[in-house]
Structure formats: structure tokens, C-alpha cells
Amino acid sequence: MEKACKAPQSLDLPDSDIIHKPVFLGEEDAWELFRSLRSHVPWQQDQIKLFGKKFDQPRLTALYGTNGLPYSYSGIRMQPHQFTPELMELKNKVTAATGHTFTSCLLNLYRNGTDSNGWHSDNEKELGVNPVIASVSLGQSRLFRLKHRTVKGLQHTIMLDHGSLLLMRGTTQHFWLHQIPKTRRPVAERINLTFRFIQ
């Protein structure tokens with residue numbers, strides 16, 4: 001992969017440790033990876049349960065892992081595929097940039113503006129006490145919103161652009177919720193790769 005770098009920015013938010021690197025992958029490499037993942041990943045659409053009813057999840061997903069461990073969230077239990085060489089290369093690059101080791105990658109495909117991810121924290125038990133989540137964005141830029149669990153009105157919004165990296169660690173998942181909201185604007189597809197350590 002070609003080298004690309006721009007100074008990471010630490011978000012000055014209480015009860016959190018969040019770093020945003022606007023340029024993590026070079027543009028050409030990022031588009032090449034996007035096209036490959038879009039074509040070759042076995043995307044699936046699971047159902048989530050809300051208020052006793054089942055609904056199609058508003059995005060497509062896939063899970064890859066190095067240790068064979070499943071990942072569960074929102075009533076969904078995903079079994080991992082084996083890492084491909086290109087995903088392993090990206091995982092190693094993320095580890096080198098962040099200093100954190102990861103076992104798994106949950107991929108999300110947002111096909112249009114109605115695909116989204118509602119308010120949530122990545123606080124599942126198998127992620128440990130202070131989870132480290134490294135998120136790489138490819139394709140269409142989308143808004144990423146954060147809001148504090150207990151401090152009313154404390155929110156923050158950033159744009160996750162093509163080739164960017166967002167790192168959340170420390171107590172972030174204890175105190176903050178995040179989402180990718182729906183948008184009425186006509187938008188192209190976005191792929192988001194979230195690297196995690198599943199115990």
C-alpha cells in the first residue's frame with residue numbers, strides 16, 4: 001500500500017480517548033480496497049429485534065477473525081470468516097498506526113442514505129472492560145455523531161472521509177454513544193471496517 005499521513009487529531013471530549021486521523025490510506029489504495037471488498041466480501045443482512053419485533057438491519061455486514069470467536073450484538077450472533085490477505089495487511093497497518101492488537105474486523109456496508117447505525121456503544125462483554133475500536137472508512141463520507149450518556153446536550157459531530165481512521169479507546173464506550181445517522185441527501189456507498197479485540 002502507498003503511504004499517506006496527516007497529523008491525527010485528538011477529540012477534546014471529557015470521559016473519552018478518541019483520535020481521528022483524516023488521512024490514513026492513500027486515495028488510490030483506499031478506492032482499490034473499496035472495490036475489492038464490495039465485490040468479494042460475503043455481505044449479509046441480519047435481523048435485529050426491537051420492542052419484540054424483528055426488522056432488517058439497515059446496512060449489510062460481515063465479520064472476519066483470526067481466532068474463530070463469534071461476535072454478538074443487538075441479538076445478532078455472527079460467525080467469523082478467515083482474514084483475507086488484504087484484510088490482514090490492513091489490520092497490520094492499523095496495529096502499526098495505533099499500537100493496539102486486533103483479532104476481528106466487523107465490516108459495514110452503507111448502500112445509500114437510508115442505511116444507518118443507530119445510537120449505541122460498543123460495550124459487549126467479549127470486548128473487555130475498556131474496548132479499543134479502530135474504524136477505517138472507505139467510499140462516501142458520512143457524519144459520525146457522538147453524545148454523552150449522562151451530560152445532557154454534550155454532543156460532537158465529525159465527518160468520516162474516504163481513507164480516514166478513527167480510534168476509540170479508554171472509557172469512551174462507558175460514557176459515550178455514537179451513530180451514523182440517515183440522510184436525505186443522495187449519497188454513494190460507504191464501507192466501514194471496525195477492528196476489535198474479541199476475548
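Biologist: How many bridges join strand S11 to strand S16?

Modeller: Keep in mind that this is a predicted model. Strand S11 covers residues 133–139 and strand S16 covers residues 190–196. The two run antiparallel, and the number of bridges joining them is 6.

Biologist: Which residue in S16 is the bridge partner of leucine 138?

Modeller: Happy to look that one up! Strand S11 spans residues 133–139 and is joined to S16. In S16, the bridge partner of leucine 138 is isoleucine 191.

Biologist: Which strands of the sheet does H1 touch, and what angle does its direction make with that of S11?

Modeller: H1 is the helix of residues 27–40. This helix packs on the sheet, touching strand S9 (104–110), S11 and S16. Its direction and that of S11 make an angle of about 90°.

Biologist: Is leucine 37 buried or exposed?

Modeller: Leucine 37 lies in helix H1. Beyond its neighbours within four places in sequence, this leucine is in contact with several residues, including Leu138 and Ile191. Buried means under 20% relative accessible area. Leucine 37 has 1% relative accessibility, so the residue counts as buried.

Biologist: Which strands stand at the edges of the open sheet, and why is one side of each left without a neighbour?

Modeller: The sheet has 8 strands with mixed pairing, in the order S1-S2-S14-S11-S16-S9-S5-S8. Each edge strand has a single partner strand, so one side is left without a neighbour in the sheet. Those edge strands are S1 (9–10) and S8 (81–82).

Definitions and conventions
Residues are numbered from 1 along each chain as its sequence is written. This is a predicted model: local features need pLDDT of at least 70, side-chain atom pairs count only at pLDDT 80 or more; totals for chains, interfaces and linings use all residues. Side-chain values use heavy atoms; hydrogens and water are left out. Helices (H or I, at least four residues) and strands (E, at least two) are DSSP runs, numbered from the N terminus. Buried means under 20% relative accessible area, exposed over 50%, partly exposed in between (1.4 Å probe, protein chains only). Contact means heavy atoms within 4.5 Å. Two strands pair if DSSP finds at least two bridges between them. Axes are lines fitted to C-alpha atoms, for helices over the stretch in contact, and angles run from 0 to 180 degrees between N-to-C directions.
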